[in-house]
Amino acid sequence: MSTNAWLRERATRTAFVRRSVSAFMPGERLEDAMTAAAAQERQGIRTIFTKLGENLTRVEDAEEVTQHYLEVLDKVQAAGLDAHISVKPTQLGLDLDQELCFRNLQRLVDRAEERQNFIWIDMEGSPYVDPTLDLYRRTRARTARIGIAIQAYLHRTEKDVESLLPLGAAIRMVKGAYLEPPDVAFPKKADVDENFYKLSCRLLSEEARRAGGLLHMATHDPVLVDRLTAFIDANNVPASAYEFAMLYGIQRTLQQRLLAARRPLRVLIAYGEYWFAWYMRRLAERPANVWFVVKNLLR
Ligand SMILES: Cc1cc2nc3c(=O)[nH]c(=O)nc-3n(C[C@H](O)[C@H](O)[C@H](O)COP(=O)(O)OP(=O)(O)OC[C@H]3O[C@@H](n4cnc5c(N)ncnc54)[C@H](O)[C@@H]3O)c2cc1C
């Protein structure tokens with residue numbers, strides 16, 4: 001449903017859908033996101049900003065997104081916020097031309113270098129994994145202000161972790177949000193969860209820390225969070241080596257629990273008008289969300 005144009009046309013005009021999306025994003029404008037970031041920072045929560053949109057088909061649009069993120073980096077510094085940005089390669093033109101995407105990304109990391117900030121590369125569907133890793137490796141050779149998301153549901157990810165570890169990579173571990181066939185991704189959630197735990201422990205290991213790695217554990221799964229904090233404590237992993245990461249509006253109780261335990265926490269705030277595909281993936285992650293929408297539509 002996230003890729004269905006007919007549904008997107010209708011759903012984004014429905015008042016109820018627009019209202020329910022506000023549970024996951026404070027507003028469509030950057031200003032809304034910055035206000036929410038300032039509020040969460042007062043509680044001790046750091047931020048990641050992402051402007052929604054993907055699979056852009058025009059060079060001008062990729063340029064507009066790049067310009068936008070350059071401004072965000074300036075505004076974040078001016079506002080004194082501790083806020084990274086996270087970009088999708090297909091938002092910077094990957095579908096059009098990999099070199100164009102690489103150049104746009106370099107403009108962002110150069111500005112991040114000037115502003116002492118940090119850029120994350122999101123991971124999209126499985127056909128994009130190789131080009132995205134390539135973008136990351138080439139950029140990492142120029143600067144350490146770059147991190148990459150990798151997906152625990154992919155069979156290949158264990159190998160990718162081993163190849164990234166010696167680079168002292170900043171890695172965001174996620175379960176994975178796209179529909180993938182069983183030969184590409186573990187079909188069972190239990191296997192995905194276990195792989196997330198296993199690979200995160202590997203990236204928190206002394207060897208990874210010696211290489212200079214940073215791990216973002218991006219999950220709202222309380223069981224995984226508890227297992228990972230137990231591992232962190234048992235192995236004396238310093239707080240500088242990791243952060244937990246969650247999405248705005250999801251598992252607020254767990255977020256508060258981590259804050260109370262003085263664990264580093266960064267929350268991703270999404271904004272922008274192209275929220276439909278992203279919102280559908282958030283619904284797909286939790287059947288209760290879909291049921292909530294259906295009940296309201298029937299009413
Ligand atoms: C900071 C961040 C960045 C991400 N970046 C990427 C990326 O680059 N590429 C990518 O493929 N995926 C990305 N994701 C999404 C990720 O892959 C998962 O799809 C998503 O986090 C749901 O999995 P989970 O680990 O939270 O746990 P799950 O096992 O799916 O859920 C555990 C519990 O969390 C709660 N929960 C989870 N999702 C929701 C929801 N939508 N609404 C309400 N409650 C919910 C529920 O209580 C649920 O029981 C990112 C996620 C985060 C937090």
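Colleague: Which residues line the second largest pocket?

Modeller: In this predicted model, the second largest pocket is lined by Lys51, Leu52, Gly53, Leu56, Asp61, Glu64, Val65, His68, Gln91, Glu273 and Tyr274. Helix α4 supplies the largest share of that lining, four residues. The volume of the second largest pocket is about 220 Å³.

Colleague: How is the lining of the second largest pocket divided by class?

Modeller: Four of its residues are nonpolar, three polar and four charged. Asp, Glu, Lys and Arg count as charged, and the lining includes Lys51, Asp61, Glu64 and Glu273. Gly counts as polar, so Gly53 of the lining belongs to the polar class.

Colleague: What makes the space lined by Leu164, Leu165 and Gly168, among others, a cavity?

Modeller: A cavity is a set of points where a 1.4 Å probe fits but cannot get out, whereas a pocket is an open set. The search of the whole structure finds one cavity of 30 Å³ or more. The largest cavity holds about 60 Å³ of space. Its lining consists of Leu164, Leu165, Gly168, Ala169, Ile171, Leu203, Ala208, Gly213, Leu214 and Leu215. By class, eight of the lining residues are nonpolar, two are polar and none is charged.

Colleague: Why is Ala36 called buried?

Modeller: Buried means under 20% relative accessible area. Ala36 has 11% relative accessibility and therefore counts as buried. Ala36 belongs to helix α3, residues 30–42. Leaving aside residues up to four places away in sequence, Ala36 touches Pro26, Tyr248 and Ile269. Between the C-alpha atoms of Ala36 and Ile269 there are 8.0 Å, although these residues are 233 residues apart along the chain.

Colleague: Why is Asn55 called partly exposed, while Arg262 is called exposed?

Modeller: Exposed means over 50% relative accessible area, buried means under 20%, and partly exposed is in between. Asn55, with a relative accessible area of 33%, is therefore partly exposed. Arg262 has 74%, so Arg262 is exposed. Asn55 lies in the loop between β1 (46–51) and α4 (59–79), and Arg262 in the loop between α11 (252–260) and β8 (265–271).

Colleague: What is noted about the phi angles of Asn55 and Arg262?

Modeller: Asn55 is not a glycine, yet it has a positive phi of about 50°. Arg262, also not a glycine, has a positive phi of about 60°.

Colleague: What makes a set of residues a nonpolar core, and which residues have the most contacts inside the largest one?

Modeller: The members must be buried residues of the nonpolar kinds, such as Leu or Phe, joined through side-chain atoms within 4.5 Å. The largest nonpolar core has 77 residues, and Phe49, Ile119, Met173, Met217 and Phe244 have the most contacts inside it. Helix α8 (residues 189–204) gives the most to this core, with seven residues. Apart from it lies another core, of 15 residues, including Val21, Phe24, Met25 and Leu268.

Colleague: Which residues does Ile119 touch?

Modeller: Not counting residues up to four places away in sequence, Ile119 touches Leu73, Ile85, Val87, Leu105, Leu108, Val109, Ala112, Arg145, Ile146 and Gly147.

Colleague: How many helices and strands does the chain have, and what share of its residues count as buried?

Modeller: The chain has 13 helices and eight strands. Of its 299 residues, 53% count as buried.

Key
Residues numbered from 1 in each chain as written. Predicted model: local features only at pLDDT ≥ 70, side-chain atom pairs only at ≥ 80, totals over all residues. Heavy atoms only, no water. 1 Å grid on protein atoms, 1.4 Å probe; cavity = no way out; pocket = protein on both sides within 12 Å on 5 of 7 lines; lining within 4 Å. Points joined across faces, edges and corners; volume = space filled by probe spheres on them. Helix = DSSP H or I, 4+ residues; strand = E, 2+ residues; numbered from the N terminus. Buried < 20%, exposed > 50% of the residue type's maximum accessible area, 1.4 Å probe, protein only. Contact = heavy atoms within 4.5 Å.
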